[in-house]
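Welcome, and please open the model in your viewer. We will go from one selection to the next, with a stop at each.

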Amino acid sequence: RCILKEKKQYCKCIADTTVKGINIGNIYEFYTVGNTYSVHYNETDTTFENCYGTKEWFNKHFAIINIASE
């Protein structure tokens, strides 16, 4: 039996989203569900906020980056 570990995905903000807490140049974790992108921001050890947008919105404001897994 194979157990798949979910791979975390990261993006870097490349354009102003006007969302307070998302800043150009910062790196954020994100998830996709269909054509909806969920970006985590204002993260602490136990909480975070989500900002949802379409693929078009995401591609305009974020660049997907690779972070080597530990």
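Rings of Phe, Tyr and Trp (its six-membered ring) pair if their centres lie within 6.5 Å; planes under 30 degrees apart count as stacked, over 60 as edge-to-face and the rest as tilted. By this rule, the protein has 5 aromatic pairs.

Before selecting anything, note that this is a predicted model, where local features need pLDDT of at least 70, side-chain atom pairs count only at pLDDT 80 or more, and totals for chains, interfaces and linings use all residues. Residues are numbered from 1 along each chain as its sequence is written, and side-chain values use heavy atoms, with hydrogens and water left out.

**Stop one: the aromatic rings**

Select Y37 and F58. Their rings are stacked, with 4.4 Å centre to centre and 25° between the planes. The pair links distant parts of the chain, 21 residues apart: Y37 sits in strand β3 (residues 36-41) and F58 in helix α1 (residues 55-61). Helices (H or I, at least four residues) and strands (E, at least two) are DSSP runs, numbered from the N terminus.

Are these two residues buried or exposed? Y37 is buried at a relative accessible area of 10%, and F58 is buried at 0%; buried means under 20% relative accessible area, exposed over 50%, partly exposed in between (1.4 Å probe, protein chains only).

Now bring in F30: together with Y37, W57, F58 and F62 it forms one aromatic cluster.

**Stop two: around F58**

Keep F58 selected and show its contacts (heavy atoms within 4.5 Å). Leaving aside neighbours within four places in sequence, F58 touches C11, F30, Y37, V39 and I64.

**Stop three: the core**

Now select C11, C13, I22, Y28, F30, Y37, V39, Y41, C51, W57, F58 and F62, the 12 residues of the largest nonpolar core. Such a core is a set of buried Ala, Val, Leu, Ile, Met, Phe, Trp, Tyr and Cys residues joined through side-chain atoms within 4.5 Å. At least two of its residues come from each of β1 (9-13), β2 (27-33), β3 and α1, and β3 gives the most, with 3 residues.

**Last stop: the whole chain**

Zoom out and colour by secondary structure. From the N terminus on, the order is β-β-β-β-α-β, with 1 helix and 5 strands. Of the 70 residues, 26% are buried.
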